[in-house]
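Here are some notes to read alongside the coordinates.

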Amino acid sequence: MSGSRAEAEEKVGSRQRLQVNEYKENQNIAYVSLRPVQTTVLGKTAKVYLVPFSLSSYKPDQLKRSKSLLDKNSNNEVACKKCKKAEIKKTCRRILTPKMEATSSKAESTLQKSSLDVHAESNKWQYKSTSDTVILSADTESSQDGDSDEGTTPGMDDFSGLSPYEKKRLKNISENANFFASLQLSESAARLREMIKKRQPPESKRKKPKKKENETGCRRSMRLLKVDPSGVSLPATPTQPILVADENPLLPPGPLEMTSENRDDNSELFKGFLQTWAEVSKTRSKNTEKELSSIKSYKANLNGMIISEDTVYKVTKGPIFSMALHPSEIRTLVAAGARSGQVGLWDLTHQPKEDGVHIFQPHSQPVSCLYFSPANPAHLLSLSYDGTLRCGDFSRAVFEEVYRDERSSFSSFDFLAEDASTLIVGHWDGSMSLVDRRTPGTSCEKLINSSLSKIRTVHVHPVHRQYFITAGLRDIHIYDARFLNRSRIKPLISLTEHTKSIASAYFSPLTGNRVVTTCADCKLRIFDSSCISSKIPLLTTIRHNTITGRWLTRFQAVWDPKQEDCIIVGSMAHPRRVEIFHERGKWVHSFLGGECLASVCSINAMHPTRYILAGGNSSGRIHVFMN
């Protein structure tokens, strides 16, 4: 037991003596061993040596006297240098290439500024006041003394003076450089450029099948090949300019002879037709003081009006734009103006019905307005888009020219005087003309400019004939005819309640105390015109579908000349019908024809004294309801 205890004490004592000796040795030398560790700096691999450093002999000015330290430990430095010289040279040659020296010059200058001041002659090792310091060192051979072991070049990299932040920053730079190098972006960019430069392969053209020698070719027209049957080429024919004929040529000025389009001029039917129209020249005068019948009796008379196949017939070619009923008490005579410029006349008392129809061509463009003369019902006045106003005199079988202006287009007209001697004509460009039929020639007395951009209808007050109303594009104006001698006339009253395009505006037929308007906003408006002052109040608004579309003639609500508190208008409802409304907005009656009324009647006219209603559609067909 005593022997084993003595051996243990000897081992502990020897261990302590070794530690003391080792501590003394560490006090005398600064470097014991160099342990190489590989690291990457600026994209290159270098070896780093960990050097233990003793603080026993440290003094505050020791770093400034690096030369004395180097002299003191020169023996150890030489021994260490000899051991690692070859290995350090290889590492330095691999790192300090000319390219790396150029790219890392900025980093070296930064590191050199923060390093310790070392004497110019010392270029071996630098120290830091820590126990373990990482030092990057490299020896390069001197260009002047390449064989000397101690001859080295200055400019050694030193990381001893860097802060922890700068060390971490350099480490991040190194890691980022390695990461981008691993991505191989330059190689990818080069491959991409090569792919872009490569041309796309040309489209493969379809190979034409080879024609067999014995195969028969397709037959071709010799006329198209311009050869005769013998194979000789034909001479080239000179090309002549193609003259495009005007679809609607203007008719010659002056009176036109009544020539029936569907009858022979020398036929007995046509002569009898002219004689019939001439005999109905007499008519009773209009009774303006006639009392209105009650709505109850008026409805009873309307219920007795029917339609049949004998009262439906195609009178004109194309849509009907205007209609008029002759005021005769004996015969039922209907006139219709068409878009083609035709005027069709139909005598319903003549049977068969096709023998009572006669068609004339007094105009070349749509006939927008028709009136029988109030002074002589044997005269039928027609106005057209072609800029002509004619009067058909059936007693002389001629269409006289009343007014002509080829530079303008007419839209509507009305009689200013009861004897039909003077007329007011509206133009599509917004101007108006004053025409006197007693003056020789076909020119107007006065051309007046208005504030309207377009005039659709013109209507004269039935009692105070100095007033007339015009329907423009969005506004309705009432003028005083006494100021027509001016070059530009201002309206007395303007109605601006309409929000869309206006189709028509008419005074009530007996007293003129009401005005009815038709607008594209699906509303019929009735105004109180009993007192023409600075403003006319709106009485009633009636909801009614007025959207006829492109191929149908626009609706125009008109007054019943027998019952001036009721208006007549076409309808888009199914089954097809013609409707009558009271001025207060109440529905009064609907004319239903079943199979005889299968289309929309846009233009309607009522007989002034009898219960007869005529409606025209877009195909030139007239539908007549009568007792």
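Contact here means heavy atoms within 4.5 Å. With that in hand, please bear in mind that this is a predicted model.

1. Let me begin with the residue where that cut-off is needed. Asp-560 is found in strand β26, which covers residues 558-560. Once its neighbours within four places in sequence are set aside, Asp-560 is in contact with Tyr-298, Pro-509, Cys-566, Ile-568, Met-606 and His-607. Is this aspartate buried or exposed? Asp-560 counts as buried, because its relative accessibility is 0% and the cut-off for buried is under 20%.

2. Next, the chain as a whole. Its secondary structure comes to 9 helices and 32 strands. Of its 627 residues, 42% count as buried. If you take the contacts between residues at least 6 apart in sequence, 55% of them join residues at least 24 apart. The chain exposes about 36,900 Å², and carbon and sulfur atoms supply 52% of that area.

3. Helix α8 deserves a look. It spans residues 268-279, 12 residues in total, and reaches 17 Å from its first C-alpha to its last, close to the 16 Å expected at 1.5 Å a residue. Its buried residues are Phe-270, Phe-273, Leu-274, Thr-276 and Trp-277. Why do these residues lie on the same side of α8? They cover an arc of only 160° around the axis, and this puts them on one and the same side. Glu-268, Gln-275 and Glu-279, on the other side of α8, are exposed.

4. What do the buried residues of α8 pack against? Their partners are β7 (333-338), β8 (343-347), β9 (357-360) and β10 (367-372).

5. Some of those strands belong to an open sheet. Its 4 strands come in the order β6-β7-β8-β9, with antiparallel pairing. The edges are taken by β6 (320-325) and β9, each with a single partner strand, so one side of each has no neighbour in the sheet. From one strand to the next, the twist averages 20°. α8 packs on this sheet, touching β7, β8 and β9, and its direction makes about 90° with that of β9. Inside the sheet, β7 and β8 run antiparallel and are joined by 5 bridges. If you want a pair to display, Val-334 has Trp-346 in β8 as its bridge partner.

6. Here is another open sheet to compare by eye. It has 4 strands in the order β22-β23-β24-β25, and the pairing is antiparallel. At its edges stand β22 (502-507) and β25 (538-543); each has a single partner strand, so one side of each is left without a neighbour in the sheet. The twist from one strand to the next averages 15° here. Strand β24 (residues 523-528) runs antiparallel to β25, with 5 bridges between them. The bridge partner of Ile-526 in β25 is Thr-540.

7. Finally, the loop between β24 and β25 holds Ser-529. Ser-529 is buried, because its relative accessible area is 1%. Leaving aside neighbours within four places in sequence, Ser-529 is in contact with Phe-507, Gly-512, Asn-513, Arg-514, Val-515 and Ile-536.

Definitions and conventions: Residues are numbered from 1 along each chain as its sequence is written. This is a predicted model: local features need pLDDT of at least 70, side-chain atom pairs count only at pLDDT 80 or more; totals for chains, interfaces and linings use all residues. Side-chain values use heavy atoms; hydrogens and water are left out. Helices (H or I, at least four residues) and strands (E, at least two) are DSSP runs, numbered from the N terminus. The expected span of a helix is 1.5 Å times one less than its number of residues. Buried means under 20% relative accessible area, exposed over 50%, partly exposed in between (1.4 Å probe, protein chains only). The arc is that of the directions from the helix axis to the C-beta atoms. Two strands pair if DSSP finds at least two bridges between them. Axes are lines fitted to C-alpha atoms, for helices over the stretch in contact, and angles run from 0 to 180 degrees between N-to-C directions. Accessible areas come from the Shrake-Rupley method with a 1.4 Å probe; for residues, only the protein chains shown count as cover.
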